[in-house]
Amino acid sequence: MRYLTAGESHGPQLTMIIEGLPSRVPFSKEKVDEELLRRQKGHGRGRRMQIESDEVQILSGIRFGMTTGAPVALAIENKDWAKWTEIMSPKPEQDEADKRRVSRPRPGHADLNGAIKYGHRDMRDVLERSSARETAARVAVGAVAKQLLEYCGIKVAGHVVRIGSVGTERLDLSRLTLDEIREKSEASLVRCLDPEAEQAMIREIDAAKAEGDSLGGVVEVIVENVPVGLGSYVHYDRKLDARITQAIVSINAFKGAEVGIGFEAGERKGSAVHDEILWSEEQGYYRKTNRLGGFEGGMTNGEPIVVRGVMKPIPTLYKPLQSVDIDSKEPFAASIERSDNCAVPAASVVAESVVAWEVAKALLETFTSDKAEDLLREVERRHQEVKGF
Ligand SMILES: Cc1cc2nc3c(=O)[nH]c(=O)nc-3n(C[C@H](O)[C@H](O)[C@H](O)COP(=O)(O)O)c2cc1C
Ligand SMILES: C=C(O[C@@H]1CC(C(=O)O)=C[C@@H](OP(=O)(O)O)[C@H]1O)C(=O)O
């Protein structure tokens with residue numbers, strides 16, 4: 001299974017094609033739209049989110065609420081395009097657009113490297129595609145993957161565990177169901193499960209905004225009821241933990257990812273890291289702890305997948321950063337009209353989506369199926385097999 005996205009931030013639309021989905025996967029447009037709305041929300045978002053009201057258009061591969069097995073093509077309109085038609089015009093008449101050429105690279109963005117790499121003197125040709133607007137496309141694709149996972153009994157939830165200096169304790173998953181995590185994060189303005197931390201995060205976002213500054217943070221994604229043995233130890237590019245962390249770092253502004261206790265493992269002794277193996281008639285094999293976040297040897301071990309990603313602060317600041325004009329080579333202080341000042345809550349939805357995609361893809365690699373019923377049968381068989389193994 002694979003997907004491609006196309007589209008510029010201020011172009012007419014985002015376009016997605018998903019190939020390799022089995023047939024007969026239940027599909028709801030409303031569920032995709034719900035995910036798109038979740039990505040638009042969160043304290044700290046800028047004015048662009050008041051202009052957009054993301055809604056998916058289904059162009060192929062779905063009939064009467066089910067996938068047909070054909071490629072699924074989706075689109076999301078950019079409402080802001082109406083104001084950008086001239087500047088984003090594909091026609092050769094460039095006079096007006098030329099006057100509005102972007103010659104000032106923004107620190108922390110793809111602008112300068114992208115311009116050098118692709119030979120653009122107008123950095124709009126870089127920034128339009130490098131913009132995180134593309135994450136809307138990935139959430140739509142992830143929402144399709146989530147529906148495939150849901151059909152197989154696999155649940156995904158995400159939440160925010162840090163914004164700036166405010167962090168939360170690690171969750172005890174034996175005391176909280178995934179539905180509760182989803183419910184609580186949904187009720188929070190910053191997708192944080194701890195109400196006290198939520199208030200402190202909001203205060204910190206507001207304070208940074210007042211100073212013309214921005215904030216990053218850390219998000220966590222949990223996937224539950226994953227069959228044992230997705231991914232493989234036999235080759236580097238089949239290790240599912242590696243593919244998931246790659247997917248997280250591929251989200252705009254993400255600078256790192258960890259599985260389970262992640263970097264903390266480097267500080268602890270082995271006995272405080274590895275998860276002992278137990279067996280019972282009722283549960284089959286299980287672990288007392290899940291410090292390794294559901295992975296051993298690049299494969300799922302049946303425990304919940306727990307991954308985190310760290311997002312750097314938004315690079316476009318109201319408090320200008322210094323840069324150099326590529327025409328005059330003169331220094332300038334970058335000024336802006338609008339930007340998010342914290343997009344960590346939105347990014348947690350993107351993180352859920354890319355993780356859901358990777359798990360769904362690995363599921364289909366392990367249990368190759370043309371139709372959804374065959375996939376479900378194989379997944380259930382694996383769950384049974386593990387108990388008696
Ligand atoms: C949901 C989301 C919203 C974002 N919004 C902005 C924004 O409004 N302004 C900005 O400068 N960067 C924003 N970013 C981050 C930039 O897109 C990103 O830092 C930039 O493309 C450079 O890529 P890199 O940080 O991955 O190197 C956002 C990122 C995400 C995930
Ligand atoms: C459009 C989205 O995010 C955008 C991501 C972004 C960036 O530089 O990454 C910059 C801003 O865009 P604009 O310059 O049009 O205000 C954000 O609004 C979105 O999340 O849908």
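1. Ligand 2 is surrounded by 13 residues, the closest being Arg-48, Ser-131, Ala-132, Arg-133 and Arg-338; a residue belongs here if its C-beta atom, placed from the backbone, lies within 6 Å of the molecule. This is a predicted model, in which local features need pLDDT of at least 70, side-chain atom pairs count only at pLDDT 80 or more, and totals for chains, interfaces and linings use all residues. Residues are numbered from 1 along each chain as its sequence is written, while chains are lettered from A and ligands numbered from 1 in the order in which they are written.

2. By class, the shell around ligand 2 holds two nonpolar, six polar and five charged residues (Asp, Glu, Lys and Arg count as charged; Ala, Val, Leu, Ile, Met, Phe, Trp, Tyr, Cys and Pro as nonpolar; the others, Gly among them, as polar).

3. An unreviewed UniProt entry carries the annotation "binding site" for residues including Ser-130, Ile-314 and Arg-338. The annotated residues are spread over 210 residues of sequence and, in space, up to 45.0 Å between C-alpha atoms. Such annotations may be inferred rather than shown by experiment.

4. Ser-130 lies in helix α5, residues 124-130 (helices are DSSP runs of H or I, at least four residues). Because 17 other C-beta atoms lie within 10 Å, Ser-130 is partly exposed (buried means 20 or more, exposed 12 or fewer, partly exposed in between).

5. Ile-314 sits in the loop between β15 (305-311) and β16 (322-324) (strands are DSSP runs of E, at least two residues). Ile-314 is buried because it has 23 C-beta neighbours inside 10 Å.
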